[in-house]
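Have a look at the sequence and the structure first, then read on.

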Amino acid sequence: MTEQRKGPVAETPVDEPPKKKSRAGRDLPAAIAVGVLLGAMAIGVLLFAPIGWLPVLAVFIPVATGEVIRRLRDSGYALPAVPLLVGGQAMIWLTWPFGAVGLLGAYGGTIVVCMVWRLVGQGLRKQPVNYLRDISASVLLATWVPFFASFSALLIFQDHGGGRVFTVIVTVVFADIGGYVAGVLFGKHLMAPAISPKKSWEGLGGSLVFGVTAAVLSVTFLMDKPAWVGVPLGLMLVITGVLGDLVESQVKRDLGIKDMGTLLPGHGGIMDRIDAMLPSAVAGWIVLTLLA
């Protein structure tokens with residue numbers, strides 16, 4: 001009998017175990033590292049060179065705007081990118097000499113240019129397709145990202161401006177930490193399962209405890225204001241932070257995507273990191289302008 005020669009036995013590939021993620025769906029080590037890096041940058045700028053917050057916004061806000069534009073274009077939207085990006089810069093920088101008036105003027109001008117740009121983008125002889133849909137998305141984006149973010153620029157020019165912006169940021173961050181911890185440890189009752197299946201009412205309770213505590217301590221030691229100011233500030237920032245996160249979650253569900261971008265490991269894109277910050281900047285400006 002002829003013996004058949006056998007070739008080398010191929011090794012059976014062994015699949016590498018997938019990276020472990022937390023119950024909240026994050027790559028936790030990467031998320032922590034990125035969060036610490038961004039936090040250190042914010043602390044350095046706001047506490048030692050507050051006016052440097054404007055260049056920080058001028059870098060990060062167009063990146064976030066671009067992420068949303070790209071995702072919307074992938075879904076068939078036709079957004080006027082140039083007016084949105086240039087208008088966003090105008091909103092940020094015109095707060096320096098003109099304050100709220102400069103911001104409002106730049107915002108209004110951006111919307112007008114977007115409307116005309118989309119109208120004549122294919123020439124006046126060709127009827128635009130989905131004009132109402134695209135302009136509605138453009139107005140939403142201009143409002144949601146550069147306009148909301150520029151309220152933090154307005155805070156810079158008030159007394160203890162760096163401390164004010166830092167107070168808003170640290171309150172939102174600690175509210176997110178509190179929500180994460182309470183949600184992982186105690187979360188059983190879902191808050192909005194159709195929008196964000198990982199948010200729970202127990203997590204909201206943790207956000208309130210951590211967020212209000214951070215606000216009270218921040219207004220007391222960083223702004224030299226009465227501690228009670230931190231209570232309404234903390235409540236408002238927790239509420240707007242949670243709602244901001246839910247709004248972005250719903251937009252991503254409409255678009256059928258998980259993250260707006262991939263720039264920040266463990267977080268997604270810039271927009272995924274600042275979604276809670278954007279409406280909170282507006283709420284923080286309102287509360288601190290009226291009460292402090």
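## About the model

This is a predicted model, in which local features need pLDDT of at least 70 and side-chain atom pairs count only at pLDDT 80 or more, while totals for chains, interfaces and linings use all residues. Residues are numbered from 1 along each chain as its sequence is written, and side-chain values use heavy atoms, with hydrogens and water left out.

## Overall layout

The protein has ten helices and two strands. Here helices (H or I, at least four residues) and strands (E, at least two) are DSSP runs, numbered from the N terminus. Read from the N terminus, the order is α-α-α-α-α-α-β-β-α-α-α-α.

Of the 292 residues in the protein, 44% are buried; buried stands for under 20% relative accessible area, exposed for over 50%, and partly exposed for what is in between (1.4 Å probe, protein chains only). The protein exposes about 15,800 Å², and carbon and sulfur atoms supply 68% of that area. Accessible areas come from the Shrake-Rupley method with a 1.4 Å probe, and for residues only the protein chains shown count as cover. Take the contacts (heavy atoms within 4.5 Å) between residues at least 6 apart in sequence: 70% of them join residues at least 24 apart.

## The nonpolar cores

A nonpolar core is a set of buried Ala, Val, Leu, Ile, Met, Phe, Trp, Tyr and Cys residues joined through side-chain atoms within 4.5 Å. The largest one holds 61 residues, and Leu46, Trp53, Val145, Met271 and Ile274 touch the most other members. Helix H5 (residues 131-156) gives the most to this core, with twelve residues. Domain 1 (50-157) and domain 2 (160-291) each supply at least three residues to this core; these bounds come from an automatic or database domain assignment.

Apart from this core lies another, of six residues, including Ala175, Met191, Ala192 and Val242.

## Two residues to look at

Is Thr95 buried or exposed? Thr95 counts as buried because its relative accessibility is 1%. Thr95 is placed in helix H4 (residues 95-120). Leaving aside neighbours within four places in sequence, Thr95 is in contact with Leu54, Leu103, Ser150, Ala153, Leu154 and Phe157.

Val86, in helix H3 (residues 81-93), has a relative accessible area of 53%, so Val86 is exposed. From C-alpha to C-alpha, Val86 and Ala106 are 9.8 Å apart in space, and they are 20 residues apart in sequence.
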